Amino acid sequence: MYETENDLPEKRRSKLNSLMNQQLASAVDLQTQLKQAHWNVKGPSFIGLHELFDQVDEAVESYVDMIAERIVQLGGIAEGTARVAAARSRLPEYPLNIADGIAHVQAVAKVLGCFGQEARESIQEATDLEDADTADLFTEVSRGLDKWLWFVEAHNQAPK
């Protein structure tokens with residue numbers, strides 16, 4: 001931990017940094033999974049899904065940056081390399097052998113849902129550590145993920 005004038009006690013900041021570095025790993029993994037979908041989607045909904053997956057990726061990129069910057073604000077080191085993300089991410093592995101748009105919709109929805117759950121758990125953990133700012137950051141991430149999950153799942157939901 002680096003010294004800082006931030007008034008949160010160092011022990012608490014250290015726990016928060018561990019929490020956030022875990023979420024940073026999953027966020028970096030999510031971002032690469034979205035690019036996998038963006039690059040490889042095929043079928044009649046190609047252009048709509050290709051563009052949607054890119055928009056979701058851009059939003060997740062902003063979440064990655066927010067989480068990493070909060071870590072550093074609290075005196076920690078943001079550990080966001082691809083190797084660290086691969087070793088720490090809690091997200092399910094993205095299937096590499098799919099091309100169909102609906103298969104990508106289902107796979108993207110699954111990882112968005114998983115990361116959304118992690119974000120909500122992080123809200124509570126940050127609250128328990130008495131850091132409303134970090135809890136608020138994860139509330140923003142959670143709210144955004146829910147919106148993007150809605151956009152993605154709409155491609156697989158139709159009245160019967």
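Q: In which helix is the place of Lys 11?
A: In this predicted model, Lys 11 belongs to helix α1, which covers residues 10-40.

Q: Does Lys 11 count as buried or exposed, and why?
A: Lys 11 has a relative accessibility of 64%, and therefore counts as exposed, since the cut-off for that class is over 50%.

Q: How many residues apart in sequence are Lys 11 and Leu 112, and what is the C-alpha to C-alpha figure in space?
A: The two are separated by 101 residues in sequence, and their C-alpha atoms lie 31 Å apart.

Q: How are two packed helices described?
A: One gives the angle between their axes and the distance between the axes. Here, helix α4 (residues 101-128) and helix α5 (residues 132-153) have axes that come within 8 Å and cross at roughly 160°. Because angles over 145 degrees count as roughly antiparallel, α4 is roughly antiparallel to α5. The crossing in which α4 passes α5 is left-handed. Their contact comprises 15 nonpolar, 7 polar and 3 charged residues.

Q: What shows where empty space is left?
A: A probe the size of a water molecule, rolled over the atoms, shows this. In the present model, the largest pocket has a volume of about 220 Å³. It is lined by 14 residues, of which Asp 29, Thr 32, Gln 33, Ala 86 and Glu 93 are the closest to its centre.

Q: Which elements give two or more residues to the lining of the largest pocket?
A: These are α1 and α3 (82-88). Helix α1 gives the most, with 5 residues. By class, the lining has 8 nonpolar, 4 polar and 2 charged residues.

Conventions
Residues are numbered from 1 along each chain as its sequence is written. This is a predicted model: local features need pLDDT of at least 70, side-chain atom pairs count only at pLDDT 80 or more; totals for chains, interfaces and linings use all residues. Side-chain values use heavy atoms; hydrogens and water are left out. Axes are lines fitted to C-alpha atoms, for helices over the stretch in contact, and angles run from 0 to 180 degrees between N-to-C directions. Helices (H or I, at least four residues) and strands (E, at least two) are DSSP runs, numbered from the N terminus. Angles under 35 degrees count as roughly parallel, over 145 as roughly antiparallel, 65 to 115 as roughly perpendicular and the rest as oblique. A crossing is left-handed if the near helix is turned anticlockwise from the far one by less than a right angle, and right-handed if clockwise. Ala, Val, Leu, Ile, Met, Phe, Trp, Tyr, Cys and Pro count as nonpolar, Asp, Glu, Lys and Arg as charged, and the others, Gly among them, as polar. Buried means under 20% relative accessible area, exposed over 50%, partly exposed in between (1.4 Å probe, protein chains only). On a 1 Å grid over the protein atoms alone, a cavity is a set of points where a 1.4 Å probe fits but cannot get out, and a pocket is an open set with protein on both sides within 12 Å along at least five of seven lines; lining residues have an atom within 4 Å of a point. Grid points are joined across faces, edges and corners, and a volume is the space filled by probe spheres set on the points.
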